[in-house]
Amino acid sequence: MHIPMTLIKSCDFEVCAFNWGSTCHALAITVGDGICPMCDTTLKSFGKGGILEKHGGVGACKVTHCRYNRSLECSADSIHVKIQSGHAECDTFAAW
């Protein structure tokens, strides 16, 4: 069975190594520490990594109280990552 990965529509965290022009190029990110929907994959660096031809997706979500969390997978159509208190955070997060 093929289940499509939730895409990262845009990312405002420009100092992340996977962010090229407000687009995430990590194959997959992990969101959350259980409570806060921050991007656990963020790597602060002006050196760039990831795969330029790929748009990043959400590989796992550990924020169990998000309405889009289904068995630790994101079920949103897409997400936006914003800057919140100096770190990258899922702006699509919506608490139950």
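Tutor: Start with a term: a polar contact is a pair of N or O atoms within 3.5 Å; within protein, one must be able to donate a hydrogen and the other to accept it, and residues adjacent in sequence count only if both atoms are side-chain atoms. Now use it on Trp-20. The Trp-20 side chain reaches the backbone oxygen of Gly-49 at 3.1 Å.

A word on the source. This is a predicted model, in which local features need pLDDT of at least 70, side-chain atom pairs count only at pLDDT 80 or more, and totals for chains, interfaces and linings use all residues. Residues are numbered from 1 along each chain as its sequence is written, and side-chain values use heavy atoms, with hydrogens and water left out.

Stay with Trp-20. It belongs to strand S2, residues 19-20. Strands (E, at least two residues) are DSSP runs, numbered from the N terminus. Which residues does Trp-20 touch, leaving aside neighbours within four places in sequence? They are His-25, Lys-48, Gly-49 and Leu-52. Contact here means heavy atoms within 4.5 Å. Trp-20 counts as partly exposed because its relative accessible area is 26%. The classes are buried (under 20%), exposed (over 50%) and partly exposed in between, with a 1.4 Å probe and protein chains only. Asp-33 is 13 residues from Trp-20 along the chain, and their C-alpha atoms are separated by 25 Å.

Next, Cys-11. This residue lies in strand S1, residues 6-11. Cys-11 is classed as buried because its relative accessible area is 8%. Beyond neighbours within four places in sequence, Cys-11 contacts Asn-19, Ser-22 and Val-81. Lys-44 lies 33 residues from Cys-11 along the chain, with 13 Å between the C-alpha atoms.

Follow S1 to its partner. S1 and strand S8 (residues 78-84) run parallel and are joined by four bridges. Two strands pair if DSSP finds at least two bridges between them. Ile-8 has Ile-79 of S8 as its bridge partner.

S8 also joins strand S9, residues 87-90. Here the strands run antiparallel, again with four bridges. Ile-83 stands opposite Ala-88 in S9. The S8 and S9 hairpin has two residues between the strands, and Ser-85 takes a positive phi near 50°.

Last, a ring. Arg-67 lies over the face of Tyr-68, at 5.8 Å from the ring centre. The test asks for NZ of Lys or CZ of Arg within 6 Å of the ring centre and within 35 degrees of the ring normal.
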